[in-house]
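The paragraphs below go through the structure shown here, taking loops, sheet and cores in turn. Keep the sequence at hand while reading.

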Amino acid sequence: MEQRKREREIARGYLVGCAAVVLLWTVASAQLRYSISEEVEDGTMVGNIARDLGLDKNTLKDRKYRIVSSNADPLFYVNPNDGVLYVSRKIDREEVCAQSSACVINVKTVLENPLEVHYVEVEVVDINDHEPIFHEKDKKLEISESVLPGARIQLKAALDRDIGQFSVQQYKLSNNDHFRLEVKDKGDDGKIPILVVQKSLDREIAGSHSLILKALDGGKPPKSGDMNILVNVLDINDNAPAFPKHDYSFTLSENIPLGTIVVQVNATDLDDGPNGEIVYSFSNSMNQNILNLFDINSMTGEITVKNLIDYEERDKYEIEIQASDKGLAPLTTEKSVIIKIVDVNDNAPEIEVTSFSNSIPEDSRSGTTVALISVNDLDSGLNGKVICSVNEDVPFILSTSLKDKMFSLVTKSPLDREKQSQYELTITAKDAGQPQLSSEKTISVTVSDVNDNRPEFSLSPYTFYVTEGNNPGASVFSVKASDRDENDNARISYHIIRDGSEDNKVTSFLNINTENGDVLALKSFDFETMKTFQFQVVASDSGTPSLSNNVTVNVFILDQNDNAPVILYPLSSNGSAQGVEEIPRNVNAGHLVTKVRAYDADIGYNGWLLFSLQEVTDHSLFALDRYTGQIRTLRSFTETDEAEHKLLILVKDNGNVSLSATATVIVKLVEPKEAFAASDVKSATKDDEDSNVIFYLMITLGAVSVLFLVSIIVLIAMQCSKSTDYTSKYLPETNYDGTLCHSIQYRSGEKRYMLVGPRMSIGSTIVPGSHANTLVLPDRRRTSGEVRDIKSFYFILRNKHISIHEFVMT
């Protein structure tokens with residue numbers, strides 16, 4: 001019968017638990033609160049969080065709605081598809097919350113992107129699943145027959161693991177004539193049964209009394225537990241021990257050393273002998289937890305600390321002490337000693353990092369949340385008040401949250417990955433106790449890259465010097481750009497700007513490697529047709545959106561010795577240059593026989609010509625000026641000298657690999673009369689030619705003078721307008737002390753270049769087609785000397801890409 005009754009109680013408790021799921025909405029704290037009975041089946045629905053928060057199913061999936069819990073076996077789980085909270089396993093309220101009056105479990109739920117935390121409080125409601133149990137099933141009491149009616153014997157309370165109305169609510173004593181029952185309510189410690197003598201005992205009539213004490217809880221129907229009490233009646237001991245104080249109250253700091261004396265109680269007994277000797281002990285009603293913390297000396301009444309006392313577990317203890325004499329029927333007096341525990345700062349704050357984003361884009365706005373920080377301190381008062389901070393040398397700050405002891409780690413200033421890509425953040429939590437306790441936690445935050453830097457060229461503008469005659473299709477130079485970003489944002493591609501304009505037509509035969517910036521020329525450069533050109537290269541990264549930068553590239557073509565000297569006189573015929581000169585036999589030493597004229601299309605040393613005699617019939621008769629090409633006699637002719645002499649002249653330039661040409665001059669000796677007639681005709685022709693040359697030369701010199709003055713004025717004006725640290729690109733410098741050559745030196749960056757050419761001398765004329773590189777003296781036998789140096793004029797015309805011949809003709 002009792003078994004069936006108990007099964008009906010369990011079934012009824014289960015139905016009540018399933019029906020007790022109630023949804024509570026607390027607006028003030030922005031939290032959800034639900035209630036559920038303990039011992040419900042796995043999978044029981046607790047509440048619909050998504051509906052109560054106003055979240056749709058797509059939001060739950062996209063923002064990864066979940067429960068954040070450090071417990072390996074959580075009590076609840078949430079369905080991410082519909083946001084319903086379920087019980088994951090059976091919940092024993094007594095296991096989770098022990099004897100707490102209210103069992104509330106905090107569940108932390110998180111939505112990501114953006115980060116959002118919702119707290120759900122689930123109250124576990126107790127059901128009547130435990131029955132009262134007495135610590136002793138059989139209790140023996142010894143009571144003197146002299147005990148007067150009204151004597152009180154406190155019994156040990158029954159234990160019921162349930163709380164509230166399902167805990168022990170009442171006691172019942174079996175019917176008898178000598179004893180009645182009273183119940184003392186001690187609040188958190190429950191109800192204590194007290195056996196009260198209501199009629200004097202007479203050992204001679206009844207030496208013992210058997211009683212049954214029944215404890216009942218508040219269930220419907222109630223559950224109960226029994227204890228058998230055997231009362232043995234002792235002989236007279238009519239004075240009980242008495243305490244001098246009505247109340248005992250003391251304070252004790254937590255973590256006090258073991259063995260410390262808390263208090264010493266003292267009771268007196270007016271009896272003599274064993275009936276007046278007192279023994280101290282804890283009352284039978286004492287909780288086992290208290291018995292584990294304190295001990296009492298049975299002889300002295302000193303109460304000492306037996307184990308570490310923790311304020312965070314309990315802040316007050318009420319100890320029931322009883323003083324008993326040693327009479328045959330011991331009399332016992334009980335007294336309560338209240339010990340209040342004083343909190344000390346013995347718990348450091350605990351830091352918990354939840355919903356941590358270890359990577360954040362560098363373009364994140366100030367105030368972007370990186371992580372949520374929760375801090376907890378088990379101490380109370382100032383000892384439990386926590387101040388949280390982060391190291392000051394970082395662009396992050398902790399801001400307080402709506403919930404106490406919750407902080408948000410947010411950005412306080414713009415981030416720049418190129419300056420710092422990773423931060424080690426040390427979060428420090430300090431309490432306000434004395435001495436102050438603190439704890440630290442370090443987290444690492446990585447700053448991810450965004451495309452916020454344009455490619456930068458190593459030089460701007462670029463200046464390159466390329467020797468003519470390069471191999472078509474080969475790389476001639478390279479440009480290089482760098483990007484401070486990383487990955488695709490720093491992957492650079494190059495291309496040449498081709499706008500189709502006349503000034504930019506040179507780009508049609510240029511190509512660039514898009515990956516490394518190598519510039520390839522699709523054809524060979526020719527200094528004689530193009531001296532310099534300019535184009536632009538664009539460097540673009542692969543970011544989104546792509547950023548780019550451009551640079552101007554100036555290219556100067558350097559001359560190389562690719563043109564052989566050309567003989568102008570004697571005139572070439574059938575591939576060879578040969579001329580015949582007739583001179584009188586009676587000329588003196590030093591007589592100008594003729595002059596070999598030549599030019600070279602190259603410039604500088606490559607265009608500087610030297611003349612030498614390779615073959616001559618008589619070395620004692622003729623001499624050749626190596627710089628001017630003039631052939632003169634070394635001595636007077638004699639009757640024995642041959643009438644015809646052959647001279648082979650070699651003309652070569654001064655390039656690294658010298659190029660040359662040859663000319664043959666045949667000199668015939670004639671008698672003075674024959675030469676006189678021929679010389680009249682030649683003199684007339686020569687006079688006409690000299691007159692024309694002198695006329696053109698005068699015009700040229702006049703134009704040169706005017707152009708020179710204008711150039712000087714322009715150069716002075718340009719120098720005045722430039723900064724003082726600017727140096728001219730071209731620096732004229734004479735590096736030869738004679739009258740045979742001059743040099744022009746110019747710089748570009750750290751490089752120096754030198755152009756060398758012949759120096760003007762008397763009566764020199766510019767050979768047509770020589771590109772102003774070769775000067776040849778006319779065949780003038782009656783005049784010697786030199787005119788002024790015109791190298792400045794030559795230099796100006798070279799910079800303008802105009803030959804002297806072209807200038808004279810215009």
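Strands are DSSP runs of E with at least two residues, and helices are runs of H or I with at least four residues, both numbered from the N terminus. The model is a predicted one, in which local features need pLDDT of at least 70, side-chain atom pairs count only at pLDDT 80 or more, and totals for chains, interfaces and linings use all residues. Residues are numbered from 1 along each chain as its sequence is written, and side-chain values use heavy atoms, with hydrogens and water left out.

Asn255 sits in the loop between strand 16 (248–253) and strand 17 (261–264). Its phi is positive, about 65°, although Asn255 is not a glycine. Accessibility is classed as buried under 20% relative accessible area, exposed over 50% and partly exposed in between, using a 1.4 Å probe and protein chains only. With 34% relative accessibility, Asn255 counts as partly exposed. Asn487, also not a glycine, has a positive phi of about 55°. The loop that holds Asn487 runs between strand 34 (481–482) and strand 35. Asn487 is exposed, at a relative accessible area of 59%.

Two loops contain cis peptide bonds. Another joins Tyr569 and Pro570, with omega about 0°; Pro570 is placed in the loop between strand 40 (566–569) and strand 41 (572–573).

Next comes a sheet. Strands of a sheet pair through backbone hydrogen bonds, either parallel or antiparallel. Here two strands count as paired if DSSP finds at least two bridges between them. Strand 26 pairs with strand 29 (residues 422–431) in the antiparallel sense over five bridges, and Ile387 stands opposite Lys430 in strand 29.

A nonpolar core is a set of buried Ala, Val, Leu, Ile, Met, Phe, Trp, Tyr and Cys residues joined through side-chain atoms within 4.5 Å. The largest has 27 residues, and those touching the most other members are Phe457, Val479, Tyr494, Leu510, Phe535, Val537 and Val553. Among the strands that each supply at least two residues of this core are strand 32 (462–467), strand 38 (532–541) and strand 39 (548–558). Apart from it lies another core of 26 residues, including Ile256, Tyr317, Ile319 and Ala323.
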